[in-house]
Amino acid sequence: MIDRSTIEKILDAAQIVDVIQDFVPLKKRGANYLGLCPFHNEKTPSFTVSPSKEIFKCFGCGKVGNSVNFIMEHEHLTYPEALKYLARKYNIEVVEKERSPEDIEKQNERESLLVVTSYAARQFTENLFQTDEGISVGLTYFKERGFRQNTLKKFELGYCFEKRDAFSAKALEDGYKQEFLVKSGLSIQHDDHITDRFSGRIMFPIHSLSGQVLGFGGRILKSDPKSAKYINSPESEIYHKSRILYGIYQARKSITQEDRCYLVEGYTDVMSLHEATIENVVASSGTSLTQEQVRLIKRFTQNITILYDGDPAGIKASIRGIDLVLEEGMNVKIVLLPDGEDPDSYSKKVSNEEFKKYLKVHETDFIRFKIRLLIEEANNDPVSKATLIRDIVKSIAVIPETITRTVYIKECSVEMEVPEPVLYQEVNKLRQQKSFQDRNKYPGPEDLPQPPPEIVRSVQPKTVSYYSEKEVIRLLLKFGSEEFDRRIRKEDGKEEVITISDFVVREIITDDLSFDDTICSRIFEDFRFHVEQGIFPGDKHFIKHEDPEISRLSADLLADSHELSRIWKDKHTYVETEDMKLKDIVPDAILKFKSDKIKAIRDAIGKQLIEADKSGDTEKLIALQKKYNNMSIALGLISKKLGNRILL
């Protein structure tokens with residue numbers, strides 16, 4: 001467990017805008033910041049970050065919380081893991097209480113896998129830089145390829161010894177469990193022993209956005225026709241190849257600053273571009289580009305440039321990726337490198353300035369690129385040309401924005417000498433198909449990233465008082481320290497200020513009422529404790545609460561769905577705001593809360609009346625009827641106080 005004082009240091013140091021900008025480009029909008037939500041696919045920003053309240057909220061999908069909640073949700077981490085991530089970011093030493101073997105045993109599978117991959121990355125790096133085999137084989141290879149040592153360390157590259165079980169044996173000796181070595185894909189299970197998956201390979205750690213090692217790519221150095229040149233970690237609880245981009249951790253800030261992302265194919269392509277001072281680059285790691293990968297890039301920029309080798313066969317195999325980028329409404333450009341060159345080789349052949357100039361001069365849009373790529377196949381054959389045009393029309397059809405489609409249709413019309421109306425007809429025909437109408441639909445809950453078991457919130461059924469309980473807690477959080485009333489104390493004749501907290505707590509405990517919602521109940525008890533001590537905890541106490549459920553609900557209740565328009569502010573227009581009407585709003589909220597509680601009691605009595613009537617218990621029936629009538633009278637009185645706004 002992390003020491004409480006350490007948690008407080010972390011929460012105090014974490015600046016929410018600073019934390020979230022590592023993952024989401026934000027633009028200032030008034031007092032807040034706005035960006036595209038990383039938790040669901042959206043085209044219009046609805047993700048709001050409030051630096052003053054230290055909370056974020058997406059008004060599209062409803063995700064809400066503080067800095068720790070964001071890291072938990074975004075990186076699928078537990079609460080302690082998220083705290084440790086923020087501690088690393090702000091250089092805070094994490095003080096932990098000694099964990100017992102039983103505590104370690106209870107670590108969840110995800111955390112255990114992350115521990116194992118982190119250990120492996122350290123071991124492989126040590127092998128590369130500090131052992132005879134690593135230096136003579138691995139480091140020599142990188143030097144021959146022209147890579148600088150600072151680049152190797154930047155990407156945490158390593159080497160796995162050629163001996164078949166060297167890593168596995170060392171890991172077991174250091175206390176790591178065989179179960180997680182196998183599940184992470186680092187080791188392969190045989191009948192009675194395990195061996196290293198990556199033996200004799202240089203190692204490329206694959207990082208998450210927050211820098212955690214999720215898996216590895218390994219390149220063999222010896223010529224062996226029976227072994228693949230590159231192998232990756234198998235799919236696991238933490239490693240999903242289709243959702244990861246190599247180099248995204250090192251590139252994220254540069255992508256945001258440059259407002260562009262270069263996409264290449266291999267690990268060494270990424271490293272070479274970094275050495276050419278181009279850091280806004282990621283790789284699909286030899287796999288076909290996926291929608292998840294495109295959306296990962298889209299979090300940081302709308303502009304993507306794909307670098308292709310001069311190999312026509314390879315380009316045709318991967319060209320589907322262009323349509324995925326277009327489908328997300330992004331701006332896509334293509335750069336075709338000279339024949340026989342890839343980003344790694346060509347960036348080393350020319351100077352950094354020449355390479356950058358080449359990218360700028362040879363950047364082209366996808367229509368010209370596709371036409372140039374496929375026109376030779378058409379060979380002036382009308383049927384082949386028609387097939388080429390249909391292929392391009394399919395790409396245009398997936399573009400969600402009408403204006404962008406129109407521009408591309410016009411360009412295609414000129415390039416292919418086809419009348420615009422014909423192209424419009426074909427595009428519209430495609431877009432009317434169900435497969436196109438289903439594109440870009442708002443994702444349902446099953447499509448959204450799900451948190452790990454440790455942070456799944458318990459879903460409680462909504463009781464009669466569900467909304468009134470939330471409203472009472474919201475008023476406490478937002479206005480708890482505000483003055484509600486003043487009175488002269490009889491005992492000493494001194495004036496006493498009654499706060500909203502004082503009033504609400506007194507009203508609820510006097511009538512011996514309680515909250516059905518467990519999180520609301522915990523927040524109220526915290527308020528009650530502080531009120532009894534004569535102090536006000538403040539909204540930050542709850543936003544930064546060590547209980548993630550309390551901090552998340554507090555952030556949700558404090559997130560305003562709108563602000564007063566600047567037009568009205570500039571015109572000095574008088575607009576009555578909530579804090580001006582607290583003497584009406586707060587008592588009404590308490591009355592509604594009491595009304596809902598009484599309704600719940602009356603409903604329960606009603607059910608008992610039915611059972612008593614069925615059993616013929618006349619005495620019980622009369623007693624219950626009296627209670628039921630008393631509840632109805634109480635509801636009537638409350639209704640009158642509220643101006644008959646509550647339906648009985």
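Visitor: In which helix is confidence lowest?
Guide: The model is predicted, and the chain averages a pLDDT of 83, with 87% of the residues scoring at least 70. Confidence is highest in strand 6 (residues 158-160), at a mean of 96, whereas the lowest mean, 47, belongs to helix 28 (residues 566-570).

Visitor: How many contacts beyond four places in sequence does the model have for residues 561-569?
Guide: Where pLDDT is low, predicted coordinates should not be read in detail. Over residues 561-569 the pLDDT stays under 50, and the contacts that the model has for this stretch beyond four places in sequence number five.

Visitor: Is L553 buried or exposed?
Guide: L553 sits in helix 27 (residues 548-558), and, leaving aside neighbours within four places in sequence, L553 is in contact with K470, I519, C520 and I523. Of these, C520 is 33 residues away in sequence, with a C-alpha to C-alpha distance of 8.5 Å from L553. Because the relative accessible area of L553 is 11%, and the cut-off is under 20%, L553 counts as buried.

Visitor: Which charged residues line the largest cavity?
Guide: The structure holds two cavities of 30 Å³ or more, and the largest has about 60 Å³ of space. Its lining divides into four nonpolar, two polar and two charged residues.

Key
Residues are numbered from 1 along each chain as its sequence is written. This is a predicted model: local features need pLDDT of at least 70, side-chain atom pairs count only at pLDDT 80 or more; totals for chains, interfaces and linings use all residues. Side-chain values use heavy atoms; hydrogens and water are left out. pLDDT is the predictor's confidence in each residue, from 0 to 100. Helices (H or I, at least four residues) and strands (E, at least two) are DSSP runs, numbered from the N terminus. Contact means heavy atoms within 4.5 Å. Buried means under 20% relative accessible area, exposed over 50%, partly exposed in between (1.4 Å probe, protein chains only). On a 1 Å grid over the protein atoms alone, a cavity is a set of points where a 1.4 Å probe fits but cannot get out, and a pocket is an open set with protein on both sides within 12 Å along at least five of seven lines; lining residues have an atom within 4 Å of a point. Grid points are joined across faces, edges and corners, and a volume is the space filled by probe spheres set on the points. Ala, Val, Leu, Ile, Met, Phe, Trp, Tyr, Cys and Pro count as nonpolar, Asp, Glu, Lys and Arg as charged, and the others, Gly among them, as polar.
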